[in-house]
Amino acid sequence: QVQLVESGGGSVQAGGSLRLSCAASGRTFGMSKMGWFRQAPGKEREMVSTVTWSLGYTVYADAVKGRFTISRDVAKKTVYLQMNSLKPEDTAVYYCAAADRPGVEFNSWGQGTQVTVSS
């Protein structure tokens, strides 16, 4: 089992930046991918960005392409989400996720961190 702890959320004005961090612990030796999801009030959870652990292949939702950057630090077992040019519609609870082995979907989740973007 992988345990995930997010940090870095907060409140920022439109156009500002935030950097989220997610530290993984536990059964991380076979971890295949990590990612970020978000859920706004009354909305369905959506994928924001993912990265494969071995080769660092990245995927982004169309809504954040060009503004957000996902990265990983293998030694620290940590994934980051650099969020620039934030918009009010980015306001949501952001969740870190991981797949603990190849061939499975995301099966470990962090507690979530609130991101609020004001106009």
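Guide: The largest nonpolar core has 28 residues, of which Met 34, Trp 36, Leu 81, Met 83 and Tyr 94 touch the most other members. A nonpolar core here is a set of buried Ala, Val, Leu, Ile, Met, Phe, Trp, Tyr and Cys residues joined through side-chain atoms within 4.5 Å. Two or more residues are given to this core by each of strand 1 (2-7), strand 3 (18-26), strand 4 (33-39), strand 5 (46-52), strand 7 (68-73), strand 8 (78-83), strand 9 (92-99) and strand 11 (113-118). Strands are DSSP runs (E, at least two residues), numbered from the N terminus.

The model is predicted: local features need pLDDT of at least 70, side-chain atom pairs count only at pLDDT 80 or more, and totals for chains, interfaces and linings use all residues. Residues are numbered from 1 along each chain as its sequence is written, and side-chain values use heavy atoms, with hydrogens and water left out.

Strand 9 is mostly covered, six of its eight residues being buried; buried means under 20% relative accessible area (1.4 Å probe, protein chains only), exposed over 50%, and partly exposed in between. Strand 9 runs antiparallel to strand 4, to which seven bridges join it; two strands pair if DSSP finds at least two bridges between them. In this pairing Met 34 stands opposite Ala 98 of strand 9. Ala 98 also stands opposite Ser 108 in strand 10, and strands 9 and 10 (residues 108-109) pair in the antiparallel sense over two bridges. Three bridges join strand 9 to strand 11, again antiparallel, and there Tyr 94 has Thr 113 as its bridge partner.

Beyond four places in sequence, Tyr 94 touches residues including Leu 20, Trp 36, Val 48, Phe 68, Leu 81, Met 83 and Val 115, where contact means heavy atoms within 4.5 Å.

The link of Cys 22 and Cys 96 is left-handed, with -85° about the S-S bond, and both cysteines are buried.

Key. Helices (H or I, at least four residues) and strands (E, at least two) are DSSP runs, numbered from the N terminus. A disulfide is a pair of cysteine sulfur atoms within 2.5 Å.
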